[in-house]
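Reader: I am new to this. Could you show me how to read a protein structure, one feature at a time?
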Amino acid sequence: MTSHRASPEPRQSEAPDSAQPSRRKILGYLIAAPTLAVGTRILGDVVAPATASAEGLPSNPWMADHYDFLDAMKDFTRHTANLIKVEIHDDGHVYHASPVSENGQGILTTLAMVIAEELDVPIEKVHVWCDDARVEHQYNQLTGGSTNLHVKTEPLKIACAIAREQMMTTAAQQWGVPREELTASDGVVNGKNGQRIEYGALSKLAAVDTDTPVTDPYLKPASEYKVIGKPQRRLDAYEAVTGTKVFTGDLQVKDALPTMVHRGPNIKASVISVENMDEVRNMSGVTDVGVIPSGVAVRAATFGQCIDAVRALKVKWKDGPVADESDDTVIQKLKAAVPPLPPRTAGAKTIEYDFINYFASNTPLETGIAVADVRKDGAEIWAPAKIPIIAMQDIALRTGLPQDKVTFHVMPGGGSFGRRLFHEHAMDAAEASYLFGKPVKLMWHRTDDFRHGRQHPPAVSRVRLTYSGDKVLSFSQHHTGVQNDLGHGLGEIASASMARQELGQYTVGAWFYAVTQSSHYEFGPSESTYHELEIPFWTTSMRHVYSPNVATARELAVDQLGHAMGLDPVDVRLKFLRPEFHGVVHKAAELGNWGRPLPDGVAQGIAINDEYKQRMAVLTEIDTRPETVNRKVKDPPYEGYVTGPRVTKIVLVLEGAHIYNPLGIKAQLMSGANDGIAIALTMSTHLKDGIPLEGSWDNSYYTRQWNTPHDMQIHLMPNTYEPDRNPGGAGEVAVGPAMASVACAYAQATGKVPTEFPIQHQKELPFHPHAIVPPIPQSPTEGLDWAY
Amino acid sequence: MPEHTFKLNGKRITVEAPDHVRLLWVLRDLLSVTGPKYGCGLAVCQACTSHINGKATNICAVPVGDLNPDDEVVTIEGLADTVGKDLHPMQEAWLEHDVAQCGYCQPGQIMAAVAHVRKSREEGVPLDDDYMDNIKNICRCGTYQRIREAIKDGAEGM
Ligand code: FES
Ligand code: FES
């Protein structure tokens, strides 16, 4: 990697005059098409050198301090960025089929803002949707790791800048006036003498008939931005509130009848035989029954009849590979696998902990779902997917169809949280459609989504701080988890990136860890390493991947360091954090009224994290008094509504280089805070004999209204305009520091450092697990009695 | 096959289905009314919340055979019509506060919100943050704070 500048640029508080990326060779293309179409290509590298200075002993730089996952993705996607294409049609509207997938994070709205800004067109005329899977996109069609805004913005701006320039040049030619006399605004090119022509009218005139490269198009300076930086509501909000937003399950594809799968009594169990196939085939509404790799698929007139049939099936199973595993066996193996920490310095004092994090399901509210129509000569699939190319290729392989005969439509997802990185839902649908020779709408039952869906792998995070007097001598963190499946493909990115790094060899998992963890503190010699144990569970990168567990362990240890040194949590951080974090810490302390007197059992905590090119501090206030912990939810129709310690206030402070959509980023911070609260306090799954006991939301406790704070403050610091951090990712950034901050507050309130997460996990099970056989529960019938 | 007649979003309809099939599936799979969502089928997540005779109901837990010809079922698609507008004030408030993220839970959230406003008024208790602690609808995208703000505003328009 070459550095594009010798020393870090000073932080700016004013928008820079020019957003022109410095010293880069930029190429875009006018694409041959009947109306104006533009694509882009960027060459060149950007890596900033690490900087360090704080009161403590400087830490050695960690990989992510100067080259993180966003940088890797940016590098890796450069050569396919020319497939970012923007078209202007003669209706004056702008169309962009994005390789990005939308699962609720609002990325399509932000990309529409970028287009509206750079093209000077009203945002109502901008249409952005998820493109079908296209092999040519390669890693540009990977939505994950909060990379999209950082990676996709520049090519998109360049494409729009070229399009605008082409329209202005065309208008100038039409009117026989110099191009300099023209301006563009609101989808119209204006001449000096009152001439005006709409983009729609220019779109044909400005089109080219051979691909034409363009160098260094003029990008609008950030100081002139009118759309970027202003709050923008979601463009799909109207559909969402009227029930007209079309999710996969809402599609009306002819003959794609409801289909569900009867799954095994433990993870990855396989079917030996089905004892009553014919009987079930004759049940009311059922059209087809058959064995696919994940179980026995049933197709019927309604999902209600699918549930009846799934419950009626009698199936013999061969146990899966983890049938003997339970929470205890897994945690024991993990503890044994943590590599020993480096030897202690003689005379040093030590703070050392093992923090245990249990399984947690990242199931979204929309369960796994796909529509598939697989025929002899081709297949069409509709499903939410963050890496649709791999899904499409897998389906092609399995059905024996050539890749170009498999059309994969990427649907907006009803949440992802890392689930849609994989495509078991689409594969199940393709398998069933292939087997039955009919279209299917295959949906996972809620209970299957918890028990057979992917999970956040459990981990033991071992942390040690050594110190002497008021000096920290070293920091070590050995994070050891069950293997987190990155099989969706990061391997190529890792190897491409590793080839450019001089920080040694990594496995893909260790590489991914290394490009996401930065050092934050000046703790002298420091290290954070990742180790994993291969046990074949279904795992995946849950929102914010390793960092919630890693940050929680680190921040709890920092509090104990402060305790030992007689410093409160804010002071110990200000003493050892790099200076760039002081701003967010001060702000969180100020907004949260740090140190205000609180009754026994109620306390504050603070935590920091830097990732996705955004710095965060989160302050939490928690109430652990028995009267609060034992509060009841009114009128529960069921058992299992857990309460427990109550977060009463949470303050989230974020500092980014350039916030594109303050309303959108605040939404993501709110959301991330609710995730952080859940994984710190209540949300996990209990593994028993190779399967989670949890089968619904009344067993696995994502944050609910009765556990969410009444007081949530979200503060965005002024943009710093640091060029290399511009713009940062938002979807995951709050989860880690929020979890850590809740854990720190809990430790302060109870006077005990919690070492197992979520805190609820080891308490007596507050629910009766749904039966394992049959694999899914029947719907209740008392709906009318419970109406309110 | 048994026939069932009831009012759906202002129109009387008749549909054929076994008695025990839950209303959620009758609407979604047989009648293509897809506003109410499936999130559990266990009367837990509340994504399917719709109104039956004005009361918020988990229609995943209502066998279609339980309905009578005069029962009025209103789904998110029919909510605005109940006030004779393009959008119900609660939907307006939802837009105003930019509540939806993935949007999957939001039809159920809005239907529940409208019922909670009515219920709090009937009970004569204030619709404050403590009251809203009892709303059962899950939002896995964690939009709870904006939901609360939107409910307070939406209630003013009701
Ligand atoms: S689907 Fe009806 S409550 Fe969850
Ligand atoms: S907006 Fe996604 S579940 Fe609520």
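Reader: What should I know about the model before going on?
Author: This is a predicted model: local features need pLDDT of at least 70, side-chain atom pairs count only at pLDDT 80 or more, and totals for chains, interfaces and linings use all residues. Residues are numbered from 1 along each chain as its sequence is written, chains are lettered from A and ligands numbered from 1 in the order in which they are written, and side-chain values use heavy atoms, with hydrogens and water left out.

Reader: Which residue does a cis peptide bond join to P758(A)?
Author: F757(A), with omega about -5 degrees. A cis bond also runs from V773(A) to P774(A), with omega near -5 degrees. P774(A) too is found in the segment after β31 of chain A.

Reader: Is the phi of D186(A) positive or negative?
Author: Positive, about 50 degrees, although D186(A) is not a glycine. Look for D186(A) in the loop between β6 (183-185) and β7 (188-190) of chain A.

Reader: How do I read a sheet?
Author: Two strands pair if DSSP finds at least two bridges between them. In chain A, 7 strands form an open sheet with mixed pairing, in the order β12-β13-β10-β20-β17-β18-β19. β12 (286-292) and β19 (406-410) of chain A are at the edges with a single partner strand each, so one side of each has no neighbour in the sheet. The twist averages 20 degrees from one strand to the next. Such angles run from 0 to 180 degrees between N-to-C directions, and the axes are lines fitted to C-alpha atoms, for helices over the stretch in contact.

Reader: In which sense do β10 and β20 of chain A pair?
Author: Parallel, over 3 bridges, between residues 257-262 of β10 and residues 440-443 of β20. There, L257(A) stands opposite V440(A).

Reader: What is the strand order of the open sheet in chain B?
Author: β2-β1-β5-β3-β4, with mixed pairing among the 5 strands. Its edge strands, β2 (11-16) and β4 (55-57), each pair on one side only. Here the twist averages 40 degrees from one strand to the next. Inside this order, β3 (residues 50-52) and β5 (residues 72-74) of chain B are antiparallel over 2 bridges. I52(B) faces V73(B) in β5(B).

Reader: How are aromatic rings compared?
Author: A pair is described by the distance of the centres and the angle of the planes. Rings of Phe, Tyr and Trp (its six-membered ring) pair if their centres lie within 6.5 Å; planes under 30 degrees apart are stacked, over 60 edge-to-face, and the rest tilted. The whole structure has 14 aromatic pairs over all chains. Ring pairs link F475(A), Y521(A), F523(A) and F576(A) into a cluster.

Reader: What about charges over rings?
Author: A charge sits over a ring if NZ of Lys or CZ of Arg is within 6 Å of the ring centre and within 35 degrees of the ring normal. R263(A) lies over the face of W444(A), 3.7 Å from the ring centre. The charged end of K268(A) sits over the ring of W538(A), at 4.3 Å from its centre.

Conventions: Helices (H or I, at least four residues) and strands (E, at least two) are DSSP runs, numbered from the N terminus.
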